[in-house]
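Q: Please take a close look at one helix pair and its surroundings. How do the helices pack, and what covers their buried side?

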Amino acid sequence: MISKFKTLFCAAALMGAALCASAQDEGAESKADIKARLLANMEKKENGDVFIKAIPGVKVGDIDASRVDPLLINYLSYVDKTVDPEKLMQSIDRAAKLKKGEQRVLYSNEIFDGVVKYMATKNMNFQKVAVSVNNIAQRIDDGIPLFCWLKAHSEYRGEISQRTKERDACADIKEWSKNLKKSEIKNFAKGPNRVTKVMIVGYNQTTREYLIQGAADSRIWITEGEFKKCIYDDLCALRF
């Protein structure tokens, strides 16, 4: 009986090892390798800007963008290269309790729940994060971007994009910080009742600004006050 148990145990162990090897063959990385890759893509400037450099786009195939936004897939795939868009979409559909063939606008909490369940199968946590410079800095310092939904506003491509260009041309960050309150948008124009998905990819503790990707054609720097006015739902981040 003991001999039989040992045989079964060894067979299970060999099967587990084979499955792990198969996962590695499919491009899975160890957590240490993921961390090293993410940190290697970080940049810190003398003016206090800390940000993730380029986040490459990913091919999403025939995925329905109304159900799984390409930027969300891009975000998850940046941290875990083995994310399967089709399986992610299926997980979100189950979380939303969609019937076969049913099509409707999904709520952010349904998307969140679907992502949580899918990433859990990959031993990763997709969790909500309170909005604060310290919380955002902690994730960015680890090389991990954050994801959230913002209310759609024309100012992202207008005033804030123009201000970001002016910021890039400014040599004195302390002077910039002093004058920033004057250009900070206090009241955003009312627009359509829509949201836009974005990634936070950088921060500056001195100016209390966040670097946003996805709201405009290029990255923009937005103040903490503006961000809090615009955020539609919870700020989220992957942990592993």
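A: What follows goes through the pair, then its surroundings.

This is a predicted model: local features need pLDDT of at least 70, side-chain atom pairs count only at pLDDT 80 or more, and totals for chains, interfaces and linings use all residues. Residues are numbered from 1 along each chain as its sequence is written, and side-chain values use heavy atoms, without hydrogens and water.

Helix 7 (residues 159–169) and helix 8 (residues 173–183) pack at about 160 degrees, with axes 11 Å apart. Helices here are DSSP runs (H or I, at least four residues), strands likewise (E, at least two), numbered from the N terminus. Axes are lines fitted to C-alpha atoms, for helices over the stretch in contact, and angles run from 0 to 180 degrees between N-to-C directions. The two helices are therefore roughly antiparallel (over 145 degrees). Arg163, Glu166 and Arg167 of helix 7 meet Ile173, Trp176, Leu180 and Ser183 of helix 8 (contact: heavy atoms within 4.5 Å).

Leu180 lies in helix 8. At 6% relative accessibility, Leu180 counts as buried (under 20% relative accessible area; exposed is over 50%, partly exposed in between; 1.4 Å probe, protein chains only). Beyond neighbours within four places in sequence, Leu180 touches Arg163, Thr207, Glu209 and Thr223. Leu180 and Glu209 are 29 residues apart in sequence and 9.8 Å apart in space, C-alpha to C-alpha.

Helix 7 buries Ile160, Ser161, Arg163, Thr164 and Arg167. The face turned away from that buried side carries exposed Lys165 and Ala169. The cover over the buried residues of helix 7 includes helix 8, strand 2 (49–52), strand 5 (195–204), strand 6 (209–213), strand 7 (220–223) and helix 9 (224–230).

Notes: Parallel < 35°, antiparallel > 145°, perpendicular 65-115°, else oblique.
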